[in-house]
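Subject: Structure handover

Hello,

Here is the structure I said I would pass on. My notes follow below it.

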Amino acid sequence: MTEEKKNLILSVKDLQVEFKVRGRTLKAIRNISMDFEEGKVVAIVGESGSGKSVFTKTFSGMLDANGSITNGSIMFEGQDLAKLGSDDPKWEKIRGKKIASVFQDPMTSLNPVRTIGDQISEVIVKHQGKSKAEAKKEAIELMAKVGIHEPELRFDEYPFMYSGGMRQRIVIAIALACHPRILICDEPTTALDVTIQAQIIRLIKDLSEEYHFTTIYITHDLGVVANVADVVAVMYAGQIIEYGLVDEIFYDPRHPYTWGLLSSLPQLGIKGEDLFAIRGTPPSLFEEVKGDAFAPRSDYAMKIDYVKEPPFFKVTDTHYAKTWLLDPRAPKVEPPLAVRELHKRMTLMTAKGGVFGER
């Protein structure tokens, strides 16, 4: 996972993040190493609490006050972001400008008492140094780019006059106004209905191809990124436990946790069959995690999983999984039926006009 890549834009090595909570220490990120290539769409998936948002907040210095990076490095444009304090003035040229974010609820990102056009224009004036007239022109162009109809007329409207999907499009426009090199999308479609979700996901993909920025997509649902991601990283209990090209993760997953996520995709459920659910709950990260953190919830756990943490095993040059099942000495096991039939079920869903479309 740390092999040298072309066009590397961000490189994380041995990252560890801890939070102080009521006198106790919570290890939210446990020694993650990962490289991000320029222009790629990377999806980081996993259950709530797996550390997805915390991991990416370190890229823009947005950890909560009780959180800190206790080990590792985050290299971006020749500097180590892990060494910058949250109030370091260097963030002014990075946060929002070079590494921008789009969050779940667009209303928390928009000022309800200022017009939409004013909020986009302000970013353009601040980060690009353009005049108000130039900023207005570019803001209207951006509004059109993200799919706002009649942007000249809607420029002076307020957020409450926009639907949830339209507000999220405006938040994306504000992020693009800075011409970022990396766009972090943290569950950007959670509050939207399924149809609008698909539109926003496709919009982000199209914009990333046009502007050539790297997109980091955070979600708990593998299904919503099936058509747009280039690379998928699966997180569990503060670690990345599988990493690969999107087709490798969907059609040749190797970690039992990834099997569980894929088996529980509601889009692929069959009428009359119970929907699969991963049993149990993730471990407490206040306590030391021994062995494979997923072992207590796995039907495939071996004795060694409770004793020794597995290393990353290389499946291909682009695919790695952190499971003892890939050790040559491990017994050979097959993935669950739902995973083995995933391609057939996805093809059937596509034929019926479902969420899984052509890549």
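A residue is called exposed when its relative accessible area is over 50%, and buried when that area is under 20%; anything in between is partly exposed. Please keep in mind that this is a predicted model.

I begin with two residues that stand out by their backbone angles. Most residues other than glycine have a negative phi. E150 is not a glycine, and its phi is positive, near 50°. This residue sits in the loop between α3 (132-145) and α4 (151-154). Its relative accessibility is 54%, so E150 counts as exposed. H212 is the other one to look at: phi is about 60° there, again positive in a residue that is not a glycine. You will find H212 in the loop between α6 (194-211) and β8 (214-219). With 56% relative accessibility, H212 is therefore exposed.

Next, a helix pair. How do the axes of α2 and α5 lie to each other? Helix α2 covers residues 116-128 and helix α5 residues 164-176; their axes come within 8 Å and cross at roughly 20°. Angles under 35 degrees count as roughly parallel, so α2 is roughly parallel to α5. The crossing of these two helices is right-handed. On the α2 side the contact is made by I116, Q119, I120 and V123, and on the α5 side by I170, A173 and I174. Sorted by type, the residues of this contact are six nonpolar and one polar, with no charged residue.

E138 belongs to helix α3. Its relative accessible area is 11%, which is under 20%, so E138 is buried. Not counting residues up to four places away in sequence, E138 touches I124, Q128, K130, A177 and H179.

On aromatic residues: the structure holds eight aromatic pairs. A pair of aromatic rings is described by the distance of the centres and the angle of the planes. I picked out two of them.

- Y158 and F160 form a stacked pair, with 6.4 Å from centre to centre and 20° between the planes. Y158 has a relative accessible area of 32% and is therefore partly exposed, whereas F160, at 62%, is exposed.
- Y257 and F294 form an edge-to-face pair, with 5.2 Å from centre to centre and 65° between the planes. This pair links distant parts of the chain: Y257 is in helix α8 and F294 in the loop between α8 and β11, 37 residues apart. Y257 is buried, with a relative accessible area of 0%, and F294 is buried too, with 4%.

There is also an aromatic cluster, formed by F36, F55 and F59.

How many of the residues of α8 are buried? The count is eight of its eight residues, so the helix is mostly covered. The buried residues of α8 are P256, Y257, T258, W259, G260, L261, L262 and S263.

S298 lies in the loop between α8 (256-263) and β11 (313-316). Is S298 buried or exposed? Its relative accessible area is 9%, so S298 is buried. Leaving aside neighbours within four places in sequence, S298 is in contact with P256 and R279. P256 is one of the buried residues of α8.

Y306 is placed in the loop between α8 and β11 too. Y306 is partly exposed, because its relative accessible area of 46% falls between the two limits. Which residues does Y306 touch, not counting those up to four places away in sequence? They are K290, G291, A295, P296 and A301. The C-alpha atoms of Y306 and A293 are separated by 8.2 Å, and the two residues are 13 residues apart along the chain.

If you open the model, two places to start are the contact of α2 with α5 and the pair of Y257 and F294.

Regards

Terms used: Residues numbered from 1 in each chain as written. Predicted model: local features only at pLDDT ≥ 70, side-chain atom pairs only at ≥ 80, totals over all residues. Heavy atoms only, no water. Helix = DSSP H or I, 4+ residues; strand = E, 2+ residues; numbered from the N terminus. Buried < 20%, exposed > 50% of the residue type's maximum accessible area, 1.4 Å probe, protein only. Contact = heavy atoms within 4.5 Å. Axes fitted to C-alpha atoms, helices over the stretch in contact; angles between N-to-C directions. Parallel < 35°, antiparallel > 145°, perpendicular 65-115°, else oblique. Left-handed = near helix turned anticlockwise from the far one by under 90°. Nonpolar A, V, L, I, M, F, W, Y, C, P; charged D, E, K, R; others polar. Phe/Tyr/Trp six-rings, centres within 6.5 Å; stacked < 30°, edge-to-face > 60°.
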